[in-house]
Amino acid sequence: MNPAINPIQVARLFWRTEAIAVLKKYGRVDGFKSKPADVIVRRLAAEIPIDDLRFEARTALKARENWLGQRLANKRNMTV
């Protein structure tokens, strides 16, 4: 286990929509939906406890589909 986890680096793992959803879940989204990504990242890192942020990042990464070169189960779902 890493004893020096940087909350900013954990927050950078989120895609924009995921980051907004996490802020919304924790009641911290007001005024941040249209902010630049780096502002959203700083908000996540400052407002969400690190253990919760790590959990949310793991959950978001596991939920992603068809990224990082993963094969598509149904080739009809490929982007054009």
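## Helix α2 and the residue after it

In this predicted model, helix α2 is followed by G27, a residue whose phi is positive, near 70 degrees. The helix itself covers residues 16-25, and its buried residues are E18, A19, I20, V22 and L23. These buried residues pack against two other helices, namely α3, which spans 37-47, and α4, which spans 50-63.

A21 also belongs to helix α2, although A21 is not among the buried residues of that helix, because its relative accessible area of 44% makes it partly exposed, the limit for buried being under 20%. The C-alpha atom of A21 is separated by 9.6 Å from that of K33, which is twelve residues away along the chain.

## Overall architecture

The protein chain contains four helices and zero strands, and when it is read along the sequence the pattern is α-α-α-α. Of its 80 residues, 25% count as buried.

## The packing of α2 on α3

The axes of α2 and α3 are 10 Å apart, and the two helices pack at an angle of about 40 degrees; their crossing is left-handed. On the α2 side, the residues that take part in the meeting of the two helices are R16, A19, I20, V22 and L23, while α3 contributes A37, I40, R43 and L44.

## The nonpolar core

The largest nonpolar core is made up of 16 residues, and those with the most contacts inside it are F14, L23, L44 and L53. Each of the helices α1 (7-11), α2, α3 and α4 supplies at least two residues of this core, with α2 giving the most, at four residues.

F14, one of the core residues with the most contacts, touches residues from several parts of the sequence: leaving aside its neighbours within four places, F14 is in contact with A19, V22, L44, L53, E56, A57, A60 and R64. Two of these partners, L44 and L53, are themselves named among the residues with the most contacts inside the core.

## Aromatic rings and a charge over a ring

The count of aromatic pairs in the model comes to zero, where a pair requires ring centres within 6.5 Å. An arginine does, however, sit over an aromatic ring, since R64 lies over the face of W15 at 3.9 Å from the ring centre, which falls within the 6 Å limit applied to such an arrangement. R64 is also in contact with F14.

Technical notes: Residues are numbered from 1 along each chain as its sequence is written. This is a predicted model: local features need pLDDT of at least 70, side-chain atom pairs count only at pLDDT 80 or more; totals for chains, interfaces and linings use all residues. Side-chain values use heavy atoms; hydrogens and water are left out. Buried means under 20% relative accessible area, exposed over 50%, partly exposed in between (1.4 Å probe, protein chains only). Contact means heavy atoms within 4.5 Å. Rings of Phe, Tyr and Trp (its six-membered ring) pair if their centres lie within 6.5 Å; planes under 30 degrees apart count as stacked, over 60 as edge-to-face and the rest as tilted. A charge sits over a ring if NZ of Lys or CZ of Arg is within 6 Å of the ring centre and within 35 degrees of the ring normal. A nonpolar core is a set of buried Ala, Val, Leu, Ile, Met, Phe, Trp, Tyr and Cys residues joined through side-chain atoms within 4.5 Å. Axes are lines fitted to C-alpha atoms, for helices over the stretch in contact, and angles run from 0 to 180 degrees between N-to-C directions. A crossing is left-handed if the near helix is turned anticlockwise from the far one by less than a right angle, and right-handed if clockwise.
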